[in-house]
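This report is meant for a reader who has not seen the structure before. Please look over the sequence and the model first.

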Amino acid sequence: MVYRRTAAVQERLDAARSRIVTAALSLVAERGYAGCGVAEVAARAGIGVGTVYRYFPGKGDLLAEVFRDACTREVAAATAAGNRAAATGTHTDSVLAAVRTFCERACRAPTLAYALLAEPIDALVETERLTFRRSFADTLAAAIRAAVRDGELPEQDASLTAACLVGAIGEALVVPLARGDVDARVIDALETVTLRALGAPNPVVRSTT
């Protein structure tokens with residue numbers, strides 16, 4: 001007879017896995033990937049090291065899950081901000097809102113943001129990093145296509161523009177994030193860069209002085 005887990009057993013297993021991921025995420029947010037060891041994760045989750053390995057074969061698998069969880073939240077926050085802006089303004093406003101929300105959240109958690117964007121790490125996490133970049137770019141591209149369709153922006157390859165914006169944002173933030181110090185003027189400047197990259201007519205240039 002094949003053993004089938006009861007709902008209660010599955011719930012306990014899922015809860016333990018969630019505690020592990022939450023503990024690891026909090027450590028990454030404080031110390032980066034380099035400071036997130038399996039023993040420290042187990043201690044923070046209140047479980048044994050062996051239990052961590054029951055759920056994740058290696059540290060790379062655990063950190064890939066942490067990365068996936070964190071990035072899902074960041075893309076969701078940017079997407080939600082973009083949707084709210086589109087509901088009351090334009091699709092171009094939606095792109096700007098998504099960019100600003102991503103940058104502001106990065107400023108509030110610089111160690112985590114640096115880990116997500118650039119910290120050298122296991123190949124499994126690098127694979128997730130590419131997925132994250134594509135997901136964020138897809139969010140921007142959808143708004144750009146809508147803006148082009150409605151005549152707000154000139155014809156362009158929305159996917160390419162979005163990919164360029166994601167690259168520019170990451171490059172502009174990586175050094176300040178590594179220092180743990182992102183000046184608000186950087187976010188204003190990135191908003192101006194975004195408008196110019198989109199080809200928005202008469203883009204508003206924010207003062208950075």
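The sections below go from the overall fold to a few local features.

## Overall fold

The model is predicted. Its secondary structure consists of 9 helices and 0 strands, so read from the N terminus the order of elements is α-α-α-α-α-α-α-α-α under the DSSP-based assignment of helices and strands. The C-alpha trace spans about 65 × 45 × 30 Å along its principal axes.

Of the 209 residues in the protein, 44% are buried. The protein exposes about 10,800 Å², and carbon and sulfur atoms supply 54% of that area. Among contacts between residues at least 6 apart in sequence, 64% join residues at least 24 apart.

## Aromatic pairs

How many aromatic pairs does the count come to? The count comes to 3. One of them joins F102 and F136, whose ring centres are 4.7 Å apart with 25 degrees between the planes. Planes under 30 degrees apart count as stacked, and the pair of F102 and F136 is stacked.

F102 lies in helix α5 (residues 91–108) and F136 in helix α7 (residues 123–149), so this pair ties together parts that are 34 residues apart in sequence. F102 is buried, with a relative accessible area of 8%. F136 is buried as well, with a relative accessible area of 2%. Ring pairs also link F102 and F136 with F67 and F132 into a cluster.

## R129 in helix α7

Helix α7 also holds R129. Is this arginine, R129, buried or exposed? R129 has a relative accessible area of 6%, which means that R129 is buried, since the cut-off for buried is under 20%.

The side chain of R129 reaches the backbone oxygen of L116 at 2.9 Å. Leaving aside residues up to four places away in sequence, R129 touches Y33, F67, A115, L116, L117, A118, E119 and I121. F67, one of these contacts, also belongs to the cluster of linked rings.

## Helix α9

Helix α9 covers residues 184–198, which is 15 residues. At 1.5 Å a residue α9 should span 21 Å, and its end C-alpha atoms are 22 Å apart, which agrees. Just after α9, G199 takes a positive phi of about 75 degrees.

Which residues of α9 are buried? They are I187, D188, L190, E191, T192, T194, L195 and L198. What covers these buried residues includes α5, α7 and α8 (158–179).

## Cysteines

The disulfide count comes to 0. C71 is in no disulfide, and the nearest cysteine sulfur, that of C36, is 15 Å away. The cut-off for a disulfide is 2.5 Å between sulfur atoms. C71 is buried, with a relative accessible area of 6%.

C103 is likewise in no disulfide; for C103 the nearest cysteine sulfur is that of C107, 6.9 Å away. C103 is buried, with a relative accessible area of 0%.

Methods: Residues numbered from 1 in each chain as written. Predicted model: local features only at pLDDT ≥ 70, side-chain atom pairs only at ≥ 80, totals over all residues. Heavy atoms only, no water. Phe/Tyr/Trp six-rings, centres within 6.5 Å; stacked < 30°, edge-to-face > 60°. Helix = DSSP H or I, 4+ residues; strand = E, 2+ residues; numbered from the N terminus. Buried < 20%, exposed > 50% of the residue type's maximum accessible area, 1.4 Å probe, protein only. Expected span 1.5 Å × (residues − 1). Contact = heavy atoms within 4.5 Å. Polar contact = N/O pair within 3.5 Å; in protein donor to acceptor, adjacent residues only side chain to side chain. Areas by Shrake-Rupley, 256 points an atom, 1.4 Å probe, with all protein chains shown as cover.
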